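Have the structure open beside you as you read.

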Amino acid sequence: MAVAAKTPQNPSRHPHLPNILPSKTHKLKTLKKFPHLLKTHQFSLRKPHEAAVLSTASSIDTRDPNSLIRHLCLHGQLRQALKHLESVQELRIPVEEETYIALVSHCEWQREGELGFRVYTCVLSEHARFGIRLGNALLSMFVKVRNLVDAWFVFGKMEERNVFSWNVLVGGYAKGGYFDEALNLYHRMLWAGVKPDVYTFPCILRTCGGVPNLGRGREVHVHVIRHGFGCEVDVVNALITMYVKCGDVGSARLVFDGMTKRDRISWNAMISGYFENGMCGEGLELFFTMRVVSVVPDLMTMTSVISACELLGDGRLGRAVHGYVARTEFGVDVSVGNSLIKLYSSVGYLEEAEMVFSRMEYKDVVSWTAMISGYEENGLPKKAVETYIRMELEGVMPDEVAIFSVLSACASLGFLDMGIKLHELAKRTGLVSYIIVANALIDLYSKCKCIDKALEVFLQIPHKDVISWTSIIIGLRINNRSLEALAFFRQMKLSLNPNYVTLVSALSACGRIGALMCGKEIHAHALRMGSGFDGILPNAILDMYVRCGRMGPALNLFNTHEKDIFSWNILLMGYAQQGQGLLAAELFDRMTKSAVEPDEITFVNLLRACSRSGMVTEGLEYFYRMKHKYCIVPNLKHYACVVDLLGRAGQLNDAYEFIQQMPMDPDPAIWGALLNSCRIHRQSELGEIAAQHILEMDELSVGYYTLLCNFYGGDGRWDEVARFRKMMRDKGLTVDPACSWVEVKGTVHAFLSGEDSHPQIQKINAVLEGFYEKMKETGGVGTESSSRNGVEDSKAEVFCGHSERKAIAFGLINTVPGMPISVTKNLYMCESCHNTVKFISKVVRREISVRDTQNFHNFKDGACSCGDEGYWGKT
């Protein structure tokens, strides 16, 4: 009977194709009698060990080639038996079916797919159709070696099929992952009038669970009852497994409760079913019931129960289970030890995890991986790396999870060199093809400032998941390539839906470059997807509006959503950046009246707001209340804010005295705050002291060299500026090229200092030249030529770059008159640019906002919100 089913689409050899049989190594032209041939042709070429095998078999009739072939199979000489078979077929001597069955069975037993196919080819040369025994043997062999294509052809050539034939093929399709085909074959089996047996139902029920297909599973359940297998323990166990895999735990429990006889597999299936469906409490309760009725748990039971304790996060129960299992024969089993390490690591009991790990007599790769992952997940990346090194010394080859965990640890520690070695190992072993390894590499290279290498890894991933896209978006953002991050975000949305982490990362990129319209699009997308109020996403949206300088929309969002301490801190940060100390103080009072307890970050933002608003008394009062009312111990950031508060107000001696009375050693940021204040108020002597402390503590931070050049340049000491510039060059320190971003009609445009590749650069330069001419006519300053001298001009070019001018000109060209223009810049704004933009805002009668690395500058009618004190070079 012909049966149609879908076969796996993979290339395979078939008997009708030419050149399948191996070439014959020798031929005889004259053959008279077979015994003579056997003696002269076969035995003369026999190897010594083959002759020894045959010489011991005195009972073998050498005139019967079938007996010889079967005997060779019996003694494990499968290849020699196959050579004899091919020689016998060449002589056209009949081969018995039992001989073929023996050969096929041994090919199956040894999993020799290639040899099995050669036997199959020989069979086809003699048999157009197969008997049931030979057909079943071939079917079983092909299924065992996962050659489903040839198994299907054998099935079609069988003259007759029994239930074993159907069971083998259905099982082969199911194990190969072809669940729909397996289910279709089962139904064709029923249509063919073949009654299923006790082996059919477990296989087909596992298939229903693998899809999962609850409807088909219920249908098979009916067949189980109809055919009288409802009391077979193996079949009922398979029913329980099917129901739990399909998520119907209630039906599984009904089947379990209805069993008249249960074995340990029954209990394990039901207990693990509860755990798999997140019903750990019910599963543990059933485990205790199992003990009450005196059913002894096995290894699978104990590992499942330990995993359930891990899912529940119940370390106390885990310890109790550990105590029980330690008294059983499974206490020394490696899988139990591995489960205990994972349990203790997940609940933060690292000492217990280390104890289990150290007491294991044998540790496999899972043991090492569990310990490495435990350290990494519990914030001990250094120990994770040390454990991996021990693992290498033990000669244990890591798996993909181990590589992932160690790469994550290296990313946290900044261990780039070790990360590169792990990358090379992953390439050699093929583990880099696992997406979790590739994603970890992206994270490593991003955090180690090798973003181009991260991009290279990302582009080599054939099937990127959400984590891959999110990792590269975050990597680009933290490496100051936010515009590219947003481009990748848009590309991702074409094929995948971003999760809330992706949205948070993209919103952060929008905030960094002032991409307000793009941020609004993401906000709208989150609302459409129903995730606008999930987790930290509302705070990320609030942060985006604050960083884009849109305090109005930010306040509206703040007032309409549920607020936590982070929400209050974000809004306080916005007021601090804009120098609105009074509004920050009002918000803080509102916060305390709402019974929200302030934290360390709250007071950092509050002190900054007071500092930039000249509210010295209020700022010192907040510092006192922080210590004595809210019992928050000030850290270095708080002390730096107080120094800045006093210094900006001109109280430099008080600021210096405050530093000297600190209960901890000041860091470079505190001396930097004092140095900046000395620059503003031209206190050279005290500034020299601050500068000396900075150089003693930090010689590698570009920001401090910028501040030092600014200080000495403001004091007219250009030789010192040149000296520090030379020191920067000698140490390989470079200032990032000035870059400004402006968003026009939803598209962000970037302008780099010294780059003239923009399509509208001629129009932009023409607009700027026009403004420069008007400034000269009115006696204003602001162009490069108006700088005090060449050194000053060079200094402003390096530390400012004037890129915001091009961004503003582009905005003026491409927007309607009267529309406000917002620009974001990665460096400080210099005095020349500040004066130029003030002049432009007055001429064009537009509001222009520029957010540099420190301040928001809101220009209107020739004035700036910073009061001409927040730009680089101000003295």
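**Starting from the core**

The largest nonpolar core has 236 residues, and L138, I472 and L674 are those with the most contacts inside it. A nonpolar core here is a set of buried Ala, Val, Leu, Ile, Met, Phe, Trp, Tyr and Cys residues joined through side-chain atoms within 4.5 Å. Buried means under 20% relative accessible area, exposed means over 50%, and partly exposed is in between, using a 1.4 Å probe and protein chains only. The biggest giver to this core is helix α13 (residues 233–245), with nine residues. Helices (H or I, at least four residues) and strands (E, at least two) are DSSP runs, numbered from the N terminus.

Before going further, keep in mind that this is a predicted model: local features need pLDDT of at least 70, side-chain atom pairs count only at pLDDT 80 or more, and totals for chains, interfaces and linings use all residues. Residues are numbered from 1 along each chain as its sequence is written, and side-chain values use heavy atoms, with hydrogens and water left out.

Now zoom in on L674. Leaving aside residues up to four places away in sequence, L674 touches V643, L652, A655, Y656, I659, L686 and A690, where contact means heavy atoms within 4.5 Å.

**Over to the strands**

V744 leads us to strand β1 (residues 739–744), where six of six residues are buried. What sits on each face of β1? C739, W741 and E743 are on one side, S740, V742 and V744 are on the other, and all of them are buried.

β1 has two partners. Two strands pair if DSSP finds at least two bridges between them. With strand β2 (residues 747–752), β1 pairs in the antiparallel sense over six bridges, and S740 stands opposite F751 in β2. These two strands form a hairpin with two residues between them, and K745 in the turn has a positive phi of about 55 degrees. With strand β3 (residues 821–825), β1 pairs in the antiparallel sense over three bridges, and here V742 stands opposite V823.

**Rings and charges**

A pair of aromatic rings is described by the distance of the centres and the angle of the planes. Rings of Phe, Tyr and Trp (its six-membered ring) pair if their centres lie within 6.5 Å; planes under 30 degrees apart count as stacked, over 60 as edge-to-face and the rest as tilted. By this rule the count comes to 24 aromatic pairs. In one of them, the rings of F458 and W469 have centres 5.0 Å apart and planes at 75 degrees, so the pair is edge-to-face. F458 lies in helix α26 (residues 451–459) and W469 in helix α27 (residues 466–478), so the pair ties together parts that are eleven residues apart in sequence. Both F458 and W469 are buried.

Why does the pair of F588 and Y622 count as edge-to-face? The ring centres of F588 and Y622 are 5.4 Å apart and the planes are at 75 degrees, so the pair falls in that class. This pair links distant parts of the chain, 34 residues apart: F588 is in helix α34 (residues 581–593) and Y622 in helix α36 (residues 616–628). F588 counts as buried because its relative accessibility is 0%, and Y622 counts as buried at 6%.

Elsewhere, F117, Y120, F130 and F142 form one aromatic cluster. Charges meet rings as well: the charged end of R161 sits over the ring of F155, 4.3 Å from its centre. For this, NZ of Lys or CZ of Arg must be within 6 Å of the ring centre and within 35 degrees of the ring normal.
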